[in-house]
Amino acid sequence: MTGNSENRLILLGTKGGPAVRPKGSMPTSTLLFLDDENILIDAGLGVTKRLVDTGFDLRALSTIFITHLHSDHILELGPLIHTAWVSGLKSSINIYGPSGLVEYWKNFLKSMATDIENRISNEDRVPLENIINIHALSKLPLSIGKVRALSLKVPHPPMQECYAFKFEGTKTIVFSGDTHFFPPLGEFAKNSDVLIHEAILTDYIDTLVKKTGLGKKLKDHLLRAHTPLEQVRKIAIMANCKMLVLNHLIPNDDPAYDKDFWLKKISNDWAGNVLVGYDGLEITF
């Protein structure tokens, strides 16, 4: 798969939140192929197996962007890199995201020190810490091969750092990250070919709170930290994007809220192309 230069997007995990339920989707991760670059956005639980199941060669892993440090976006970052390493990866991986990534990576290396040292001394592997480069984000664009990458800080309280990403090449692809309704995101995604935006159904929040037993604090967090579907539509209209992909879905494992339900809810005032994300969805563009 890594030899195919076709521009495409694979949703590896589309679930909002860290819980995993029987026959449900996995937490957030997405693989983007754009202009001969492969870019992983987020690394939620299950990302390694999902990548391999697409045919992706882990030894080709080269670029990772992390939107923020909630567990459903970063829990498997260290294990993914370690697994790529033991699979034979020797080239560098560049990771871009919040400042806390440096501390996360140091702690992961410390937690796996015995294994890593053993494999270096007994299997002649390159030192894992030598092939990882972590970069802080700034307002300046980054160059990933022929792709230009930009970031926008978005509101996802209580997180201090959460980012939307835009990748510009022969096509323009934008990821919202986790965010409350944020009109500047509409301008950031202006005339994009694909906008991948998180979405929550506010009608479902009371059901979810009851299901988890976590009460008012969870409800308050969901309301202030995520974007209701009807407001995702507003962002899509502002952006004038060619395609809107609903991702990081809350809910995504309740049969009463299936694809048709989501599409019906967003169809008013939006005539653009809409896809409801699911694990394994592949989009070419």
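C162 counts as buried, because its relative accessibility is 0%. Buried means under 20% relative accessible area, exposed means over 50%, and partly exposed is in between, using a 1.4 Å probe and protein chains only.

Before going on, a word on the model. This is a predicted model, in which local features need pLDDT of at least 70 and side-chain atom pairs count only at pLDDT 80 or more, while totals for chains, interfaces and linings use all residues. Residues are numbered from 1 along each chain as its sequence is written, and side-chain values use heavy atoms, with hydrogens and water left out.

Back to the cysteines. A disulfide is a covalent bond between the sulfur atoms of two cysteines. The cut-off here is a pair of cysteine sulfur atoms within 2.5 Å. How many disulfides does that rule give? The count is 0. C162 is in none, and its nearest cysteine sulfur, that of C241, is 19 Å away.

Now the whole protein. There are 10 helices and 14 strands. Both are DSSP runs, numbered from the N terminus: helices are H or I with at least four residues, and strands are E with at least two. The radius of gyration is 19 Å, close to the 19 Å that the globule rule gives for 285 residues, so the protein is as compact as a globular protein of that length. That radius is taken over C-alpha atoms, and the globule rule is 2.2 Å times the number of residues to the power 0.38. Along the principal axes, the C-alpha atoms fill a box of roughly 60 × 45 × 35 Å.

What share of the 285 residues counts as buried? The figure is 51%.

Next, contacts. A contact means heavy atoms within 4.5 Å. Take the contacts between residues at least 6 apart in sequence: 67% of them join residues at least 24 apart.

Charges, quickly. The protein has 31 positive and 32 negative side chains. The centres of the two sets lie 4 Å apart. Lys and Arg count as positive, Asp and Glu as negative; His and the chain ends are not counted. Each charge is placed at NZ of Lys, CZ of Arg, CG of Asp or CD of Glu.

H197 is in strand β11, residues 194–200. H197 is buried, because its relative accessible area is 1%. S176 is 21 residues from H197 in sequence, yet their C-alpha atoms are 4.9 Å apart. Beyond neighbours within four places in sequence, H197 has contacts that include S176, T179, L185, L246 and N247.

Is N247 buried or exposed? N247 is buried, because its relative accessible area is 6%. Not counting residues up to four places away in sequence, N247 touches L11, G13, T14, T28, T30, I196, H197, E198 and A199.

On to a helix. L208 sits in helix α7, residues 205–212. L208 counts as buried, because its relative accessibility is 11%. Setting aside neighbours within four places in sequence, L208 contacts R21, L222 and I250. L208 and K219 are 11 residues apart in sequence, and 8.5 Å apart from C-alpha to C-alpha.

I250 comes up again in the backbone. Which peptide bonds are cis? One joins I250 and P251, with omega about 0 degrees. P251 is in the loop between β12 and α10, residues 259–266. Another runs from P157 to P158, with omega near 10 degrees. P158 lies in the loop between β8 (147–153) and β9 (163–168).

Last, positive phi values. K23 is not a glycine, but its phi is near 65 degrees. K23 is in the loop between β1 (8–13) and β2 (29–34). K23 is exposed, because its relative accessible area is 90%. N240 is not a glycine either, and its phi is about 55 degrees. N240 is in the loop between α9 (229–239) and β12. N240 is partly exposed, because its relative accessible area is 47%.
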